[in-house]
Amino acid sequence: MERTLRATISLAFLAWLVAGCSQPPPNVSIDIRTPVEVETIELGTVESVIVATGNLQTRDSARVNAQVPGRIYLSRDEKGKRFTEGRQVNAGDVLGQITGEETRLQANLETAILSLQSATDEHNRRTKLFEQGHIPETDLTQSELSLQQAQDAYDRAKLSDENTQITSPIDGVILTLARDENNVPIADGQLIGSGLLVAQIASLDVLEAYVDLIGPELSRVREGLQVRVSHYAFEDVDILGQVVRLSPTVDPQTHTFQAVIEVENQERVLRPGMFIQVEIITEQRLDVPVVSYEAISRRGRDSVVFVLDGQRVKRTTVQLGLADDDHQEVIEGVKPGDKVVVRGLETLQDNALVRVLGG
């Protein structure tokens, strides 16, 4: 009896377990969200540039050579200090003087003045005698010739005397001043010969750089294009220039052509001889919607981005424009303020659920 009761209870318990296991499982919904990073579409500037390098040099310069031999003495400033290289001068400023017996002998101005006065007096005397009929015309002609020779000698002597004074022909900065063949400064009172380079003067307000460009870039470069100039010593300084000339020929060996860049240097930041880098801006778009390259993917023939729409993304075909190293212009498809996926878009599909990382 007891054994039968235990068997009955066991069967009932097994039946209850079977009945419980045969019921359908509960309906559980699981959302799978792709983790992504997004950026906001903003207005920006997109440029197409050509990068090149070159050396700066002066655009205009003047060389002042000694015209007469003698002893050189450079001018002094208001504090009594001798003129030095780097000084700003104006046209007509006296840079120095050449004096000494050699200079006096070459100029010989005093003798020339006396000779001219004597020839003038003699010509006046003979003119009166000729008018009175006391001398023939040949004597008057001879006096005229002597007077002309004396005048020419006086003009040469006066020019030589003026050449003893060294003056600047232009406004500018003294680049070199009174150096010998070993590039050593010449001391005051040192004897020099005619023809010595006494000074080289140039304006530094505008400099030029000659840069070599490759042949295919010829179609992109033209006169008047704006140029950004940089030098490693002045990384935070904005220096602008423009293309002023292009070489009329292309080098058949290197397939390069030369462009001349005019560089504004009013602040005197740059110096002739500096090695610089230039960015020739061949095309520019200002205040246009821009997007990072990371946000763009190719789906078939289309360029698409995934725009954040609530907790989902919407696949959007975009029309792209000008591009630079960092981003690309968007002509159509998105607008400023839209948020687009830049990380995690490899497997995204239209209307996919996403989880934005970093908020």
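Predicted model: local features only at pLDDT ≥ 70, side-chain atom pairs only at ≥ 80, totals over all residues.

Residues are numbered from 1 along each chain as its sequence is written, and side-chain values use heavy atoms, with hydrogens and water left out.

Q: Which residues touch the most other members of the largest nonpolar core?
A: A nonpolar core is a set of buried Ala, Val, Leu, Ile, Met, Phe, Trp, Tyr and Cys residues joined through side-chain atoms within 4.5 Å. Among the 25 residues of the largest one, those touching the most other members are Leu56, Leu213, Val229, Ile261, Leu270 and Ile280.

Q: Is His123 buried or exposed?
A: His123 belongs to helix α3 (residues 109-131), helices being DSSP runs of H or I with at least four residues, and strands runs of E with at least two, numbered from the N terminus. Buried means under 20% relative accessible area, exposed over 50% and partly exposed in between, with a 1.4 Å probe and protein chains only. Because its relative accessibility is 13%, His123 counts as buried.

Q: Which residue of β20 is the bridge partner of Leu320?
A: Two strands pair if DSSP finds at least two bridges between them, and β19 (residues 319-323) pairs with β20 (residues 327-332) in the antiparallel sense over three bridges. A hairpin through three residues joins β19 to β20. Within β20, the bridge partner of Leu320 is Val330.
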